[in-house]
Amino acid sequence: MTHTLVPPKTFLAMVLILLLAGGCTLPTGEPTDPGSLQATPPAAALETVPLPTDATTAALLPHALYHLSAHSGSAQVWRLERDGTTQTQISFEDTDVLSFDVSPADGSVAFVSANQLYLVESDGGNRRLLVDNAAADAQSADYYFAQRLSDPLFSPDGRHLAYAYNGLWILDLTTFQAVHVLGNQVRIRQNGSTVLDGYYAPRLWAPNGQLLLLTVGDAQTSQLAFLSPSAGAQVTPVESSTVCCHAAWAPDSSSVMVANPYIGLVNPGLWRYAAGSGEQTALLAAEDENEIHFAGWPLQLTDGDLVYFYATAAEVPEGDVPLYMVRSAADGVSSRSQLRPDAFSNLIEVLWAGDGTLALLVQSRPDGGPSGVVLLAGGDGRQLQLLLENGYALKWGP
């Protein structure tokens with residue numbers, strides 16, 4: 001196994017072995033929730049809200065939006081400016097960009113294409129090859145677990161890049177020194193089949209940059225764990241053998257919220273995990289007082305309140321469950337109120353503004369691919385905005 005670094009501007013790479021949502025299936029049927037159920041209209045029926053022309057009020061978005069789109073034929077990184085109209089292509093690779101991240105410090109972009117890791121400036125300029133593993137055999141038994149580059153992840157201050165490549169690496173961008181913090185455990189049987197005994201992949205940096213949320217597991221299970229990079233390779237798993245699907249740090253880095261709106265191997269619900277111990281607090285249990293709680297895409301605000309997408313059902317439904325945009329107190333239950341009358345179906349991705357005043361939603365297309373229409377939904381009930389006809393992997397710029 002080789003790992004070719006391109007000095008002196010060395011980045012390395014990551015493998016996200018299993019998606020945390022793997023194995024889950026969408027719940028089905030009609031939810032029961034106060035108020036009338038109003039499904040989101042199809043994208044074709046939505047009209048783009050005219051944007052203001054006054055320069056002082058022209059910003060529709062809180063930050064520039066980076067995303068993947070196949071506008072140019074293959075999936076590439078694009079940036080949508082705050083005006084909600086102007087788009088710029090950032091990457092120009094011959095093959096699809098499979099994963100990317102944006103530095104919160106300066107907006108530079110790290111992305112993976114053709115099993116190579118590149119770094120470009122915020123406008124796409126100064127393209128640099130940082131890690132080259134294009135020679136790896138994609139048909140080898142251990143390719144996915146030991147050879148594949150994927151999912152770069154900048155720390156909040158932009159100084160470090162975590163990534164998975166046969167485990168977890170962390171690169172110091174000031175010295176370009178990389179440390180292989182945790183290695184995957186992969187065995188090859190005599191018949192050539194692969195046995196995955198353990199894997200590690202970065203999920204989310206804590207806002208203070210001191211902790212890193214990981215996805216860990218083996219061929220059978222997947223869960224979350226906390227790592228303090230300064231303390232070495234000591235991993236603290238959460239108090240649950242299997243966790244799914246949407247995670248978000250508390251603003252003070254003390255805990256992580258996890259929500260699951262799907263019926264599958266993991267029950268739906270909403271939980272909080274303490275960062276120091278991994279201790280679990282169930283906020284919305286899978287079944288509580290004869291109700292099934294479906295919660296997704298949580299965000300804890302600086303005042304302690306939560307915003308997330310939510311619906312309930314009296315029994316296991318038989319179709320997609322439309323979800324409402326809601327806000328509640330920190331316990332997930334008290335003072336819960338709907339922020340919009342709409343119930344959103346077929347959501348595959350949500351990106352909240354940091355203050356919870358709006359969310360960008362990716363609704364799936366009939367072909368079932370990762371891309372979808374991108375809608376802007378304001379928490380004040382304003383008219384829905386059709387932001388992009390095609391996009392996914394949404395990330396805010398600085």
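This note sets out numbered points on the predicted model shown above.

1. Overall composition. The chain has one helix and 31 strands. Its length is 398 residues, and buried residues make up 53% of them. The chain exposes about 16,900 Å², and carbon and sulfur atoms supply 50% of that area.

2. Contacts across the sequence. Among contacts in the chain with a separation of 6 or more, 49% are made by residues 24 or more positions apart.

3. Thr88. This residue is found in strand 5, which covers residues 87-89. Is Thr88 buried or partly exposed? Its relative accessible area is 25%, so Thr88 counts as partly exposed, because buried means under 20% and exposed means over 50%. Leaving aside residues up to four places away in sequence, Thr88 touches Val77, Trp78, Arg79 and Glu81. One of these, Trp78, is 10 residues from Thr88 in sequence, and the two C-alpha atoms are 5.6 Å apart in space.

4. Leu130. Strand 9, residues 128-132, contains Leu130. The relative accessibility of Leu130 is 0%, and the residue therefore counts as buried. Leu130 and Phe111 are 19 residues apart along the chain, and 9.9 Å separates their C-alpha atoms.

5. Aromatic pairs: Tyr144 and Phe145. A search of the whole structure finds eight aromatic pairs. In one of them, the rings of Tyr144 and Phe145 have centres 5.6 Å apart and planes at 85°. Why is this pair called edge-to-face? Ring centres must lie within 6.5 Å for a pair, and planes over 60 degrees apart count as edge-to-face; the angle of 85° therefore places Tyr144 and Phe145 in that class. The two residues can also be described by their accessibility. Tyr144 is partly exposed, with a relative accessible area of 32%, whereas Phe145, at 17%, counts as buried.

6. Aromatic pairs: Phe309 and Phe344. The rings of Phe309 and Phe344 have their centres 6.1 Å apart, and with their planes at 70° the pair is edge-to-face. This pair links distant parts of the chain: Phe309 belongs to strand 25 (residues 306-313) and Phe344 to strand 27 (residues 337-344), 35 residues apart. Both Phe309 and Phe344 are buried. Together with Trp297 and Trp352, they form one aromatic cluster.

7. Charged side chains over rings. Arg336 lies over the face of Tyr310, at 4.2 Å from the ring centre. Lys395 lies over the face of Phe100, and here the distance from the ring centre is 5.5 Å.

8. The bridge partner of Arg187 in strand 15 is Val195.

9. Strand 21 and its partners. Strand 21 (residues 269-274) is mostly covered, as five of its six residues are buried. Strand 20 (residues 255-260) pairs with strand 21 in the antiparallel sense over six bridges. Within this pairing, Met257 has Arg272 in strand 21 as its bridge partner. Strand 21 also pairs with strand 22 (residues 280-284), again in the antiparallel sense, over four bridges. In strand 22, Leu284 is the bridge partner of Leu270.

10. The hairpin. How many residues lie between strand 21 and strand 22 in the hairpin that they form? There are five residues between them. Gly278 is in the turn and has a positive phi of about 80°.

Note on methods
Residues numbered from 1 in each chain as written. Heavy atoms only, no water. Helix = DSSP H or I, 4+ residues; strand = E, 2+ residues; numbered from the N terminus. Buried < 20%, exposed > 50% of the residue type's maximum accessible area, 1.4 Å probe, protein only. Contact = heavy atoms within 4.5 Å. Areas by Shrake-Rupley, 256 points an atom, 1.4 Å probe, with all protein chains shown as cover. Phe/Tyr/Trp six-rings, centres within 6.5 Å; stacked < 30°, edge-to-face > 60°. Lys NZ or Arg CZ within 6 Å of the ring centre and 35° of its normal. Pairing = 2+ DSSP bridges.
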